[in-house]
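Hi everyone, thanks for making time. I'd like to walk you through one structure today, so let me put it on the screen.

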Amino acid sequence: MRGRMICPRCGEEGYLMKHKTAHNVYNYCRHVTWEGGTRRERRCYLGPDYYINAEKFHDLDLAGLVDPKRWARYAEELILRLEYEDLLRLKEVIENRLHVLEREREIEAPEEIDAVAEWERAAQKESLEVTE
Ligand SMILES: [Zn+2]
């Protein structure tokens, strides 16, 4: 799949390029510019589709920078593996982070807060029902 994108490494616009080998697919963002009739190309490496060797030890479905939801997926997978005391400690970290994000949202769009909070409560309730 090729498509226009904002590069997650340098923040500039470019095109996704997938380089396929026998064992994996390696992703790059191609940045093409023209300077006085000369074509210049710079590539930012975005990681493979799958981390085959790392996965043997971590089993986290690790992905490259092309997958914007990878952090949430890793966090969910890790939370399921943690012990009670670790989860209590993390709960405080999560609550502090939520507090910071909620304050940022209040500054950006105060009228959307109620709708977002309602959606988060519904999502939390749904995930609790799934894990029970
Ligand atoms: Zn880039």
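Let me start with a question: how many bridges join strand β2 to strand β3? There are six, and these two strands, residues 13–20 and residues 25–35, run antiparallel.

Some ground rules before we go on. This is a predicted model, where local features need pLDDT of at least 70 and side-chain atom pairs count only at pLDDT 80 or more, while totals for chains, interfaces and linings use all residues. Residues are numbered from 1 along each chain as its sequence is written. Helices (H or I, at least four residues) and strands (E, at least two) are DSSP runs, numbered from the N terminus. Two strands pair if DSSP finds at least two bridges between them.

Now the overall layout. The protein chain has four helices and four strands, and from the N terminus on the order is β-β-β-β-α-α-α-α.

Let's look at the sheet. The four strands make an open sheet in the order β1-β2-β3-β4, with antiparallel pairing. At its edges sit β1 (4–6) and β4 (38–48), each of which pairs on one side only. On average, neighbouring strands of this sheet are turned by 45° against each other, direction ignored; the axes behind that angle are lines fitted to C-alpha atoms, for helices over the stretch in contact, and angles run from 0 to 180 degrees between N-to-C directions.

Within the sheet, β1 and β2 run antiparallel and are joined by three bridges. M5 has G14 in β2 as its bridge partner. The two strands form a hairpin with six residues between them, and G11 in the turn has a positive phi of about 85°. Moving along, β2 and β3 also form a hairpin, with four residues between them. Here K20 stands opposite V25 in β3, and L16 stands opposite C29 in β3.

On to the loop between α1 (52–58) and α2 (70–79), where we find D59. D59 has a positive phi of about 50° although it is not a glycine. D61 is in the loop between α1 and α2 too, and its phi is also positive, about 55°, again without being a glycine.

Are these two buried or exposed? A residue is buried if 20 or more other C-beta atoms lie within 10 Å of its own, exposed if 12 or fewer, and partly exposed in between, with C-beta atoms placed from the backbone. D59 counts as exposed because it has 10 C-beta neighbours inside 10 Å. D61 has 13 other C-beta atoms within 10 Å, so it is partly exposed.

Next, helix α3, residues 84–108. At 1.5 Å a residue, its 25 residues should span 36 Å, and its end C-alpha atoms are 36 Å apart, which agrees; the expected span is 1.5 Å times one less than the number of residues. How many of its 25 residues are buried? The count is zero, and α3 is hardly covered.

Finally, the whole chain. Buried residues make up 5% of the 132 residues. The radius of gyration is 20 Å, whereas a compact globule of 132 residues would have one near 14 Å; that radius is taken over C-alpha atoms, and the globule rule is 2.2 Å times the number of residues to the power 0.38. The C-alpha trace spans about 55 × 45 × 25 Å along its principal axes.

That's my tour, and I'm happy to go back to any part of it.
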